[in-house]
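Biologist: I would like to learn how to read aromatic pairs. Please walk me through them.

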Amino acid sequence: MKGACVKVIEIKELYKNFGKLEVLKGVSLTIEKHDAVAIIGPSGGGKSTLLRCINMLEVPSSGKVLVDGVDMTAKDTNIMRMRQKCGMVFQDFNLFPNMTVRGNLIYAPMKTKNESMNSCVDRAKELLDKVGLLSKLDEYPRKLSGGQKQRVAIARALMMEPEYMLFDEPTSALDPEMIKEVLNVIRDLAKSGMTMAIVTHEMNFCRDVSNKVCFLDHGVIMENSATGEFYSNPKTDRAKEFLSKVM
Amino acid sequence: MKFAKILPYMGMFQNGVIMTLKYTALSLVLGIILGLLIGIVKLSDGKVCKIFKPVTYAFTAIFRGVPLMVMLYLVFYATPQVLGFPLSALGAGVAVFGLNTAAMTSEVFRAGIVSVPRGQTEAAIALGVQKRQAMMDIVIPQALKSILPAIVNESISLLKTTSLISVLGVADIMRTSNLVLAQTYTAFEPFIFAAVIYFILVYILTFFANMLERGLRKGD
Ligand SMILES: Nc1ncnc2c1ncn2[C@@H]1O[C@H](COP(=O)(O)OP(=O)(O)OP(=O)(O)O)[C@@H](O)[C@H]1O
Ligand SMILES: [Mg+2]
């Protein structure tokens, strides 16, 4: 599966300020096809901001983000079209409470791709089956547990048949007993070759699923290496310190 | 108590009810349309809207701070002095009540939309949906849950407030009771009757509001 290195996402010298606060200070990162990159680091280090800059939920202050070679910051780029290649999963699920699970899943493909209702519903059922929630098709989100909500959110993102996925702490809002069911879904996705970036505090999961680790601290990438290497032999003191605290 | 005394005036009361409803309905329509527009200006980041933003907040502050009776006198008696032509009571009344409703509902619309978590819009646009589309399909349906009850409260308050128009001699429910008092030399019966009419009108409004609210509460 790991063929020639195709660059899906290229981040070059990315800076992001919120007013006077410098959150990202010259971040460069490349994500290749079939990569599962774990982005880890202390709270407030800019992990979410980095992820959100990839699909322009935050507009970078300077620097470049290329997705499939397309400059996301260029004025003439169709951001809506580019976002359709990206599946994003949020910490607090963000399911639409005014729609059923079915409605949540078919909404975007129907609106953006003019797909027929029938083919959308077929795919929705397929994906819900995959995340083990086919029986919840006509349920409203309020009736689901946190773990179920997040699995629906993942299925909703997959409905757009994305080229890559961004996970921002997908299990941080979950009770411990529900974390596993969500991580299993993400693990399966990674195994199937989905390109992804995951912000996570789940170190065992990270070690087990990611092939690269990116350690972000105070808006700077302190380490960017293969997962095995990062855990067995962290280069910087900051990373060592961080690992000793979380492992 | 002799309610029989006011029986001959039922026709007048009927006209009074119609007059009250007319002022309420016209002011409500003006107030909601204008309130929605002002609410959008308050929310918008657009360049043109930004210029008008302070004006909209001043507008709401003024109507919060000045009694409507004073507004009504200002518009009905003082404005013609400046403009050089008289205003009808209907014009002045609907303007004052309508603008007041707009000032209040603009806040209702703004707060309702702001109360929907930002993550909802973000989730939709992250899926590649246009922001405006997400507003229509995701944000507004959720905002309505808090907006509609507040609009109903505003309508109820408006209905009762229109009784102020009686000071300009408009024969609404309130003024009719006054006229009946003058003709029958009895105060208790006509005013109790007016109170009952207002109460029933508000009750009917509330009933429909509750039905609507129940319909909206499907999702949660
Ligand atoms: N929209 C915003 N406006 C202002 N400041 C922001 C905004 N978003 C994030 N920040 C600030 O940027 C810094 C980095 O935030 P970010 O959410 O990227 O960190 P993080 O690494 O994801 O942390 P956590 O692990 O707590 O989620 C924080 O200090 C945060 O307060
Ligand atoms: Mg974060």
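Modeller: We take the ring pairs, then charges over rings. The model is predicted: local features need pLDDT of at least 70, side-chain atom pairs count only at pLDDT 80 or more, and totals for chains, interfaces and linings use all residues. Residues are numbered from 1 along each chain, chains are lettered from A in the order written, and side-chain values use heavy atoms, without hydrogens or water.

Biologist: How is a pair of aromatic rings described?

Modeller: By the distance of the centres and the angle of the planes. Rings of Phe, Tyr and Trp (its six-membered ring) pair if their centres lie within 6.5 Å; planes under 30 degrees apart are stacked, over 60 edge-to-face, the rest tilted. Over all chains, the search finds ten aromatic pairs. One of them joins B:F13 and B:F193, edge-to-face, with 4.8 Å between centres and 80° between planes.

Biologist: Where do B:F13 and B:F193 sit in chain B?

Modeller: B:F13 is in helix α1 (residues 10-43) and B:F193 in helix α8 (residues 188-216), 180 residues apart. Helices here are DSSP runs of H or I, at least four residues, numbered from the N terminus.

Biologist: Is B:F13 buried or exposed?

Modeller: Buried means under 20% relative accessible area, exposed over 50%, partly exposed in between (1.4 Å probe, protein chains only). B:F13 has 2%, so it counts as buried. B:F193, at 22%, is partly exposed.

Biologist: Which residues have a charge over the ring face?

Modeller: The test is NZ of Lys or CZ of Arg within 6 Å of the ring centre and within 35 degrees of the ring normal. A:R156 lies over A:F96, 4.4 Å from the ring centre. B:K42 lies over B:Y57, at 4.8 Å.

Methods
Helices (H or I, at least four residues) and strands (E, at least two) are DSSP runs, numbered from the N terminus.
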